[in-house]
Amino acid sequence: MSNTVKNLVLIGYGGMGTRHLQRLQSVKEINVKGVYDIKRVKREEAKRAGYRVYSTFENVLLDKDVDIILIATPNDSHKDIAIEALKNDKHVICEKPVTLSVSDFEEVLKVAKKYNKCFMVDQNRRWDENFNMIKKIYNNHAIGDVYEIRNYVQGSRGIPKDWRQLKEKGGGMVYDWCVHLLDRILWLNNDVKLESLYANLSYSLGHNVDDGFEVTLLFENGLKVLLGVGTSNFIKLPEWYMVGSTGTMEIEDFDLNGKYVTLEGELTKDTVPIEAGAGFTKTMAPRNDGSTQEHELPKVNVDVRDFYRNFVNWIDGKEEPIVKNSEVMRTMKVINEIFKSSDNNEVIKF
Ligand code: NAD
């Protein structure tokens, strides 16, 4: 049984919406039928780029040939657009964060169930190459049993000067980035209970939304995860840093500079203390030569377009969704606790 090509309309012809359209050009399972944006100037831009443009959202809903609506509008608008689309017999792909609260997401899911439609959130960073390298080493134990992961994304340009600076629009870095970082870590530890978290959001740039955060998560298998985002960091921390019982892995950036180092021998001699600053140390002295080995980052083969293909296969009953709504719900519930922990300076125990 072959799939029929699905007709998709994009809502929101902005930064992410146009990325989706670029990617969809080479996804044969989906035909981009058109675009709608609330701003006339954006609709005109889309027309100039060769897309069929709908003049109102209602016209999209009324078009019986539209199978999928892809929502790429600011965060506060996802819920209403999703509910209208589902009620009008459309399947929905929705940008992250799915909604601004757990109860809003529950409402959306209720409508999806009632109208028997597929609803999937674009957690596209599950397809990042650097994350997949970390995932591979985490799962194959090439650095032993992993007990610490740090994932930091940092820049120095502040928060973009758009709706991301506005609280009522769902701005701030927790909704922007934490949703991605958390989704991946929870996905990696799907069946492991989260025991506690502590979060600290920063407001150092003077907006009423967070311009960065640091979150510590402790899982019941002993794994500790630190997630951090900064928008005022002129020198960046490595993006990924992972420590296991027999090795350490580092990926510096999106350009995939990095390596992992494993223990290959024994410490044969007594450690010789070294001079260090104004003191000396035995603990931090270097290892004996030959007792470790450096490795290149592992090869991974990922293609973010598999997200869209999977969605079509889900609609056609051929595959389970890659991004499950239960996983998104778990992430949204933890996001809720992250705000609470930071507001009250409190460790949250689950
Ligand atoms: P943007 O401001 O560049 O684009 C949003 C567009 O939506 C604008 O053109 C705006 O006119 C339009 N719009 C606003 N309200 C609308 C409405 N009610 N109906 C129709 N159009 C409307 O924003 P962006 O950076 O593209 O972000 C859009 C969404 O994508 C956000 O939810 C964001 O979190 C998400 N996003 C995801 C990723 C990712 O990697 N998954 C990356 C960036 C943004």
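Me: Which residues have the most contacts inside the largest nonpolar core?

Reply: In this predicted model, the largest nonpolar core has 80 residues, and those with the most contacts inside it are Val9, Ile69 and Cys178. A nonpolar core here is a set of buried Ala, Val, Leu, Ile, Met, Phe, Trp, Tyr and Cys residues joined through C-beta atoms within 7 Å. A residue is buried if 20 or more other C-beta atoms lie within 10 Å of its own, exposed if 12 or fewer, and partly exposed in between, with C-beta atoms placed from the backbone.

Me: And which helix gives the most to this core?

Reply: That is helix 7 (residues 173–188), which gives nine residues to this core. Helices are DSSP runs of H or I with at least four residues, strands are runs of E with at least two, and both are numbered from the N terminus.

Me: Why does the core lie between the two domains?

Reply: Domain 1 (6–122) and domain 2 (126–303 + 333–349) both give residues to this core, so the core lies between them. The domain bounds come from an automatic or database domain assignment.

Me: Back to Val9, what does Val9 touch?

Reply: Leaving out residues up to four places away in sequence, Val9 touches Lys33, Gly34, Val35, Tyr36, Tyr54, Val60, Val66 and Ile69. Two residues are in contact if their C-beta atoms, placed from the backbone, lie within 7 Å.

Me: How should I read the numbering and the cut-offs on confidence?

Reply: Residues are numbered from 1 along each chain as its sequence is written. Since the model is predicted, local features need pLDDT of at least 70 and side-chain atom pairs count only at pLDDT 80 or more, while totals for chains, interfaces and linings use all residues.

Me: How many residues of each domain are in contact with the other?

Reply: Seven residues of domain 1 are in contact with nine residues of domain 2. On the domain 1 side of that contact there are four nonpolar, one polar and two charged residues, where Ala, Val, Leu, Ile, Met, Phe, Trp, Tyr, Cys and Pro count as nonpolar, Asp, Glu, Lys and Arg as charged, and the others, Gly among them, as polar. The centres of domain 1 and domain 2, taken over C-alpha atoms, are separated by 33 Å.

Me: What does UniProt list for residues 7–122?

Reply: The unreviewed UniProt entry places the feature "domain: Gfo/Idh/MocA-like oxidoreductase N-terminal" at residues 7–122, and over this span the chain is 41% helix and 20% strand, with the end C-alpha atoms 18 Å apart. For residues 132–249 the unreviewed entry lists "domain: GFO/IDH/MocA-like oxidoreductase", and that span is 21% helix and 35% strand, with its end C-alpha atoms 13 Å apart. UniProt positions are given in the numbering used here, feature names are shortened, and annotations may be inferred rather than shown by experiment.

Me: Changing topic, which residues are closest to the ligand?

Reply: The ligand is surrounded by 22 residues, and the closest are Gly12, Gly14, Gly15, Met16 and Glu95; a residue counts as near when its C-beta atom, placed from the backbone, lies within 6 Å of the molecule. The shell divides into seven nonpolar, eight polar and seven charged residues, and its largest share, three residues, comes from helix 1 (residues 15–24).

Me: Where is the cis peptide bond?

Reply: The cis peptide bond joins Lys96 and Pro97, with omega about -15 degrees. Pro97 is in the loop between strand 4 (91–94) and helix 5 (102–114).

Me: What about Asp89, what is its phi?

Reply: Asp89 is not a glycine, yet it has a positive phi of about 70 degrees. Asp89 sits in the loop between helix 4 (78–87) and strand 4, and it is partly exposed because 13 other C-beta atoms lie within 10 Å.

Me: Is Asn116 buried or exposed?

Reply: Asn116 counts as exposed because it has 9 C-beta neighbours inside 10 Å. Asn116 also has a positive phi, of about 55 degrees, although it is not a glycine, and it lies in the loop between helix 5 and strand 5 (119–121).

Me: Last one, how many helices and strands does the chain come to?

Reply: The chain comes to nine helices and 16 strands, and buried residues make up 35% of its 350 residues.
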